[in-house]
Amino acid sequence: MAFLFKQAAISAACIALAAPASAQLQAGPGTWSANQTWATDTTNGGALTGYYYWPATTPTLAGKRALVLVLHGCAQTAANDVIAGTGDAGYNWKAAADQYGAVILAPNATGNLYGAHCWDWAATNRSRSYGHNAVLLDLINRFVSNPQYAIDPKQVYVTGLSSGGSKTMVMGCVAPDVFAGVGINAGPSPTVSSSQISSVPSGTTSSSVASACTSWAGTNASQFQTQVASVIWGTNDYVVGQAYGPLNAAAMRQVYGGTFTKGATATVPTGGSNVPYTDANGKLRTSEIVVTGMAHAWPAGSGGQNSNYVDATKVNYPSFVMDFWFKNNLRVSQSAPPAMTSCSASVSGSTVTVNGAATDAAGAISSYRVVLNGPSPVNDLAAGSGASFSKAYASRADGYYSGTVTATNSTTGLTSNACAIPQFLVGSAPALLPPGGLAIGARTASSIALSWNAANGAVGYNVYRNGAKVNGAALAGMGYTDGGLASGTSYTYEVTATGNGGVESAKSASVVGSTTSGFTCTATTASNYAHVTAGRAHNSGGYALANGSNQNMGLNNTFYTSTLAQTSSGYYVIGNCP
């Protein structure tokens with residue numbers, strides 16, 4: 001990104017990197033999604049694209065998921081810098097998302113603002129229906145309104161770096177009713193122009209910024225009373241003026257209103273300090289982190305990437321800001337949900353009796369919900385109440401069943417995690433059927449991973465490759481990795497269920513999986529000129545473009561360095577290997 005700041009005009013233009021959920025929470029895949037296409041940007045052109053992370057873990061606050069919007073900086077992309085592959089890497093959000101059970105959104109800035117795909121932080125139109133404001137708020141609404149994600153509208157947050165950091169402040173000001181917390185990283189105040197990023201101009205004060213922020217909120221300004229803000233910057237940041245950090249924090253306190261008390265300075269791991277400010281009610285409202293020795297970068301902490309304005313040697317900001325938001329959220333009850341202590345099912349003839357018990361420090365259990373999956377399903381929202389319950393369900397059809405029990409406290413509105421009822425049989429066992437849902441998982445040059453759904457009455461499973469069984473003893477789980485395969489080759493798989501007495505079902509529907517070519521990704525860091533000379537990139541109008549992806553690396557000379565990853569023959573992308 002350094003190429004953007006060779007001339008003062010270019011430096012000025014491009015900021016570096018410049019409804020309640022249902023009680024039955026659905027687990028996500030625990031991986032970053034493929035590239036998505038979301039709303040059309042009628043202002044800047046193109047469509048909003050990007051990625052989301054839907055964790056398999058349960059949420060930690062109020063039994064509902066948080067949603068975090070993460071905005072990259074100029075000359076960065078969501079794919080190469082925010083997520084950077086299937087592991088943590090990138091901005092290092094996966095671990096924090098798993099810890100808190102939160103959904104993460106990583107969009108790409110639409111258009112090509114300021115010559116490096118920045119967010120429109122300096123736009124003078126602050127309408128919620130204009131430019132990036134509109135497409136980002138639309139993106140938030142898509143996830144909040146979709147019940148499968150179980151997003152709590154009171155747990156929506158936004159954070160970003162540089163242009164993304166300034167845009168974070170814009171979003172927090174324009175839509176305080178949407179965002180319960182913001183995390184501003186090395187962003188200039190959004191009241192200045194794109195030519196004033198290196199230092200605070202005369203006349204720009206915390207009061208002037210606060211006044212603008214309040215005016216942008218309009219009729220939603222009262223929502224600032226329950227918003228919190230974290231601000232972070234580095235002592236070696238010479239791209240965005242370091243004075244913007246404390247100024248932005250002070251502006252947010254003025255927006256929030258009332259008096260504030262400065263707390264004791266705490267040491268930040270890896271070097272730096274954190275200064276908290278509490279309001280008149282003793283609530284922590286803002287945090288100011290100064291990171292010692294950090295340049296203009298996102299502080300990813302250990303596990304993140306360490307290139308292209310992402311620093312993996314400093315504080316883990318995703319971990320810090322999630323902790324800050326979750327502990328200090330003023331819109332969600334901090335009471336713990338009920339806890340199921342036991343659940344079970346017993347069978348007498350065609351009658352199933354379900355028992356359960358729960359505890360709740362916040363009061364009595366208002367209701368239990370029983371869900372039974374099987375030939376005669378049950379979805380009983382009023383199975384009982386109090387410390388325990390027992391309820392019989394008569395006339396159940398023969399077959400295998402499983403289920404869950406949850407407890408709800410209507411006063412707090414919180415619901416427990418589900419207590420699982422193991423599989424049980426009513427009447428005579430049906431014929432053993434093959435498993436469903438056989439699917440191909442991760443592939444390498446020599447292996448293919450498989451997964452399938454459980455089959456009723458199965459005690460084990462067999463896997464067949466091209467018609468021949470590949471496992472020895474029956475498999476206990478619903479997954480298998482077939483190894484020792486040839487690279488670049490397709491294989492057909494089927495799976496069967498085994499029952500007591502050596503009974504084996506028919507084979508499932510087949511799936512076809514192929515091993516990879518065996519190509520190993522390599523990454524090279526060199527000057528842009530060296531990349532072009534070596535054939536990893538080519539020159540176009542004085543700029544170096546990565547071969548294959550055509551990503552703009554900056555000026556084609558020896559002064560600017562890039563990392564290129566070769567992900568396939570003749571195909572290079574900016575950044576490290578995934």
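**Local sites and overall architecture of the predicted chain**

A364 is exposed, with a relative accessible area of 60%, which is over the 50% cut-off for that class. A364 belongs to the loop that runs between strands β15 (351–359) and β16 (367–373). Its C-alpha atom is 8.1 Å from that of S385, a residue 21 positions away in sequence. By the domain bounds, domain 2 spans residues 339–426.

The protein chain as a whole contains nine helices and 34 strands. Its radius of gyration is 27 Å, close to the 25 Å that the globule rule gives for 578 residues, so the chain is as compact as a globular protein of that length. Along the principal axes, the C-alpha atoms fill a box of roughly 85 × 60 × 45 Å. Of the 578 residues in the protein chain, 51% are buried.

Four domains were assigned: domain 1 (31–328), domain 2 (339–426), domain 3 (436–514) and domain 4 (522–574). The centres of domain 2 and domain 4, taken over C-alpha atoms, are separated by 60 Å. For residues 434–518, an unreviewed UniProt entry gives the feature "domain: Fibronectin type-III". In the model, this stretch of residues 434–518 is 0% helix and 40% strand, with 33 Å between its end C-alpha atoms. P435 is located in the loop between β21 (419–426) and β22 (439–443). With a relative accessible area of 5%, P435 is buried, as the value is under the 20% cut-off. Between P435 and S517 there are 30 Å in space, C-alpha to C-alpha, for a sequence separation of 82 residues.

Backbone torsions were examined at two further sites. Most residues other than glycine have a negative phi. N92, which is not a glycine, has a positive phi of about 75 degrees. This residue, N92, is found in the loop between helices α2 (78–83) and α3 (94–100). N92 counts as buried because its relative accessibility is 2%, under the 20% limit. A positive phi also occurs at H117, with a value near 55 degrees in a residue other than glycine. The loop that holds H117 runs between β4 (103–107) and α4 (131–144). H117 has a relative accessibility of 41% and therefore counts as partly exposed, the class that lies between the 20% and 50% cut-offs.

N552 lies in strand β32, which covers residues 552–555. At a relative accessible area of 41%, N552 is partly exposed. N552 and A534 are 18 residues apart along the chain, and their C-alpha atoms are separated by 17 Å. T561 is in strand β33, made up of residues 561–568. T561 counts as exposed because its relative accessibility is 54%, over the 50% cut-off. From T561 to D237 the C-alpha distance is 19 Å, whereas the two residues are 324 positions apart in sequence.

Definitions and conventions. Residues numbered from 1 in each chain as written. Predicted model: local features only at pLDDT ≥ 70, side-chain atom pairs only at ≥ 80, totals over all residues. Heavy atoms only, no water. Helix = DSSP H or I, 4+ residues; strand = E, 2+ residues; numbered from the N terminus. Rg over C-alpha atoms; globule rule 2.2 N^0.38 Å. Buried < 20%, exposed > 50% of the residue type's maximum accessible area, 1.4 Å probe, protein only. Domains from an automatic or database assignment. UniProt positions renumbered as here; feature names shortened; annotations may be inferred.
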